[in-house]
Amino acid sequence: MTTSSDSSELIHRSNRKPIPDQPHSSSSSPTWLRKQTTNRIITNIVLYRLPFLLIGITIAILFFYTFPLNDLDSPYYPDSSSSSLSSSTLPARRVLLEEPIMKKQNTMTRVPGGVRGKRKRIVVTGGAGFVGSHLVDRLIERGDSVIVVDNMFTGRKDNLLHHLGNPNFELIRHDVVEPILLEVDQIYHLACPASPTNVMGTLNMLGLAKRVGARFLLTSTSEVYGDPLQHPQAETYWGHVNPIGVRSCYDEGKRTAETLAMDYHRGAGIEVRIARIFNTYGPRMCLDDGRVVSNFVAQALRKEPLTVYGDGKQTRSFQYVSDLVEGLMRLMEGEHIGPFNLGNPGEFTMLELAQVVQETIDPNAKIEFRSNTEDDPHKRKPDISKAKELLGWQPTVSLREGLPLMVADFRQRIFGESKGNGVSAS
Ligand SMILES: NC(=O)c1ccc[n+]([C@@H]2O[C@H](COP(=O)([O-])OP(=O)(O)OC[C@H]3O[C@@H](n4cnc5c(N)ncnc54)[C@H](O)[C@@H]3O)[C@@H](O)[C@H]2O)c1
């Protein structure tokens, strides 16, 4: 049944011209209808849409003029990934080296540090410490601009005194647990408090590397192998670490730091390098930090007995600091991520080391045995085949050559004597 409205619609339609089968096809529309439609569209645009379009363009121009795109990736803005991972809410410090602010855009390009031809801008965290200060010497000698970031926890200004006043050198007292913003090409991350804050410092430095596109080198340790069940230790060995022991804070902290470095590499494309450093000795070591070589040398010089923990048959390998620095620099400049063992494969028992110290300093020095510390690794010796093959690196200074150089430095610091034959073994 048809309603009255239905019938009126039918009547109305019947009075019109026949409606084509495809009413939207312009080819089949009559010319007058196409013209009318086009005019209506133009009027619509000019009267109603054009003003809005112009307002939109004006707002966009004003916005991009005020906040240029480059600034969103600049060090003025905290890195989202690192800040979300960092517990610190303190404002980041920002320090510019050399380049005036006007050149900021040029410095933000993500060119890997290793491939720049010009002088590199390098930050060394922990650069006032033992290894760091020797590394700084080499970098400055090479002609790079170096910023040391150190909170002087175990580092000493004395180690860097000879660079103060050099325009290519800058020392910043800063705790890496707090973020810091620096425009650099490479980051050597050595700062390492033996506490969980080690992880926070690594996170902050990885965040910095991501922000400015710098290459990042982590100084990890042979401690990641724990009390190893494989001997010598190759980089493929995953380690044997007690996660809740007295040493685990350092061991697991470094293992976590390696994990973070690899995650930033895989996830954010950061160029990372990982060095696993074995026992290193040399001038500028902390006198009383409990490391075995510095302990023995300081004790022998002070005419105290050399303290050997356990039976003294546990082994270690000892690398002279200049060999390590050479390895670190080759790693940073090379194309391989690592991890790489950097250590001297010469293996000594603690008793043998004590003997070398006696020969070098005082043949009458006594040895005193003490009970061993918990989780003390029984054996340590690096397999350095990978570093030899891919970095073309191997140690060149033997313990008997390197020890006298360290002894001269310790003598000078303990008794104020002349340094004698200096710092370099090369
Ligand atoms: N020397 C070795 O035998 C050896 C072995 C394995 C690994 N490593 C690693 O090499 C790196 C350097 O070792 P080192 O022997 O020169 O030690 P070091 O103690 O002499 O140097 C560490 C430096 O880091 C600084 N530092 C510590 N915490 C900091 C922080 N929160 N913020 C800023 N600076 C901080 C210290 O003040 C010091 O100057 C460390 O990461 C260490 O774990 C060293």
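Two strands pair if DSSP finds at least two bridges between them. The model shown in these views is predicted.

**View 1. The open sheet consists of 7 strands.**
The pairing in this sheet is parallel, and the strands follow the order β4-β3-β2-β6-β7-β8-β13. At the edges stand β4 (169-173) and β13 (340-342), each of which pairs on one side only. From one strand to the next, the twist averages 20 degrees.

**View 2. Strands β6 and β7 run parallel to each other.**
Strand β6 covers residues 186-189 and strand β7 covers residues 215-221; 4 bridges join them. Which residue of β7 does Tyr188 stand opposite? The residue opposite Tyr188 is Leu217.

**View 3. Helix α7 packs on the sheet.**
This helix, formed by residues 248-268, touches β7 and β8 (272-277). The direction of α7 makes about 155 degrees with that of β7.

**View 4. Helix α9 lies across several strands of the sheet, namely β6, β7, β8 and β13.**
Helix α9 comprises residues 321-333 and runs at about 160 degrees to β8.

**View 5. The ligand is surrounded by 28 residues.**
The closest of these residues are Gly126, Gly129, Val131, Gly155 and Cys192. Two or more residues of the shell come from each of the elements α5 (130-142), β3 (145-150) and β7. Which element gives the largest share of the shell around the ligand? Helix α5 does, with 3 residues. Sorted by class, the shell holds 14 nonpolar, 12 polar and 2 charged residues.

Technical notes. Residues are numbered from 1 along each chain as its sequence is written. This is a predicted model: local features need pLDDT of at least 70, side-chain atom pairs count only at pLDDT 80 or more; totals for chains, interfaces and linings use all residues. Axes are lines fitted to C-alpha atoms, for helices over the stretch in contact, and angles run from 0 to 180 degrees between N-to-C directions. Two residues are in contact if their C-beta atoms, placed from the backbone, lie within 7 Å. A residue is near a molecule or strand if its C-beta atom, placed from the backbone, lies within 6 Å of it. Ala, Val, Leu, Ile, Met, Phe, Trp, Tyr, Cys and Pro count as nonpolar, Asp, Glu, Lys and Arg as charged, and the others, Gly among them, as polar.
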